[in-house]
Amino acid sequence: MTTTAVRARPRTSEERLPGAWGLGLRRGVLELKQFFRQRDQVVFTFAFPVVFLFLFASIFKDDVRGAGVTASQLYVPAMMAAGIMSTSFQSLGISIAIERDEKVLRRLRGTPMPPAAYFLGKIWLVLVTGLLETAILLLVGTGFYGVDLPSSAGKWLDFGWIFVLGLTACALLGIAVSSVPKSGKSATSVVVLPFLVLQFISGVYISIDTIPDWMLNIGALFPLKWMCQGLRGVFLPSSAQVLEQAGSWEFGKIALVLGAWCVGGLLLCLLTFRWKNRRDG
Amino acid sequence: MTTQANDLAVDVRGLRKQYGDVTAVDGIDLEIRTGEVFGLLGPNGAGKSTTVEILQGNRGRDAGEVLVLGSDPATGTRAWRSRVGIVWQDESAPAELTVGETVRHFARYYPRPRDPEEVIGLVGLEAKADSRIKALSGGQRRRLDVALGVIGDPELLLLDEPTTGFDPAARRQFWDLIRKLAGEGTTILLTTHYLEEAENLADRLAIVAKGRVVAEGEPAALRERHGTGATVEWTEQDGTPRAEHTDTPTKVVAELMHRFDGEIPGLLVTRPTLEDVYLRLTGQEDVR
């Protein structure tokens, strides 16, 4: 037989594998680098809700009767909620489907990287881009469309938890939906259609008091409607509550629904996530 | 010679895998010793990739026992994964990152990685270390794939058709790289449908066809065992080329020497090549 030089490699069972949190942070940095290096993607991701805010808030700007707000003001929290969902649900749903199709996921699975590190990296990406998106919309909203920054610490706190819970729920749903498209090519259409429909029936494009109740009830099954409602509660005067289905902001219910979606979304991810494409078995 | 179980980097018995009605792997046995370069040779669709994917822990199996570095890949832990390097058949690395960023990042996944700069040098990408991956040529990307496969300093490296699509020069470079890794003691399993590659790199090889191992051994031994006789070729005085297949080539040449009284024009004695053996064993003789 052939002579073989076998390296002496003492391997101990307690050899330390790198931890998931640290690697998750490293992956987050890498995800952000990749994101910001695709300049066209950066411009369009951030410009999309701003352009829509400009269109809607400039076309519809009359006072809403009896609510003490203008239509333009209503669009600011609505577009913020849609922006949070687009940076989480839409961007993850599409990008993970493409990564799966291009075997990026399979390659990662072949390394000792803990799976949690991959998801932590995505969370960092979504958190940073979501914050940026929200900040941009807030700037435009306060600068041009008569929305005031929250006046009390309590309102800022509400803003904080609505942002975190909404972003988390939508990110988890995005990860789950990434398994639906059969290929990376079809991912955009598969992910964008449900998002677009949700935006219509959750009070993003069309004022909540104009949408038929049955549509609103379907929208109420998903997080977006509650994110819109919560952000209206943060940024609009309380006189605007009359426009709500329930006639109030319902912060408790919002926390409950978004929290439930975080748990449900996590379960959905754990049950459906695949590292390989369907045709790869 | 007796081989002890712990000398085996890969130990496969009775491996079977079916896709619907198609049997991709139909009872394969493999023993790969620690430190050797083993070639899995066969035509497309012979079951090579399926076998390697099962060894990677990336695909389930229907039957058979599989031990890779002493563990069943189907239940491979992170510690086990850190000892196995994989170069897939079709890969894509993140296009927007540079070669250096990618290699350094992957090094972090492993408990005891090789030095990233050294690995970049090993695959000959020093000049491209700061280039975005999207700017690399196909061959350069493949070398990056190899770099990511060996960055964790694996004990076993699984390469699935690593040189498909390479030009001849790139293939030679790649062979040097594999020899270098083998020289360092890494056990290597590579699949290929290039015979020359298997013959050049592998200490031992198995020829697979239709999901089964049809021959196994050292390349020279395979040739001897499965290739019989020789072909004597010469040119007649009137210029007609002649060839004779015989079990006794020396006798034929001796007779020719009598007839020609001196130099035999165009004399050529050839033994069957590994390629002849391969084509016969895989039932592809008629393609020649």
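1. Thr34(B) sits in the loop that joins β2 (22–33) to β3 (37–41) of chain B. Helices (H or I, at least four residues) and strands (E, at least two) are DSSP runs, numbered from the N terminus. The model is predicted: local features need pLDDT of at least 70, side-chain atom pairs count only at pLDDT 80 or more, and totals for chains, interfaces and linings use all residues. Residues are numbered from 1 along each chain as its sequence is written, and chains are lettered from A in the order in which they are written.

2. The contact between the chains takes 28 residues from chain A and 29 from chain B (a pair is in contact if the C-beta atoms, placed from the backbone, lie within 7 Å). On the side of chain B, α2 (78–81) and α3 (99–107) are the elements that give two or more residues. The largest share, three residues, is from α2(B).

3. Within chain B, helix α8 (residues 219–226) packs against helix α10 (residues 274–281) at about 65°, the axes being 9 Å apart (axes are lines fitted to C-alpha atoms over the stretch in contact, and angles run from 0 to 180 degrees between N-to-C directions). Pro219(B), Leu222(B), Arg223(B) and His226(B) of α8(B) meet Leu274(B), Val277(B) and Leu281(B) of α10(B).

Key. Contact = placed C-beta atoms within 7 Å.
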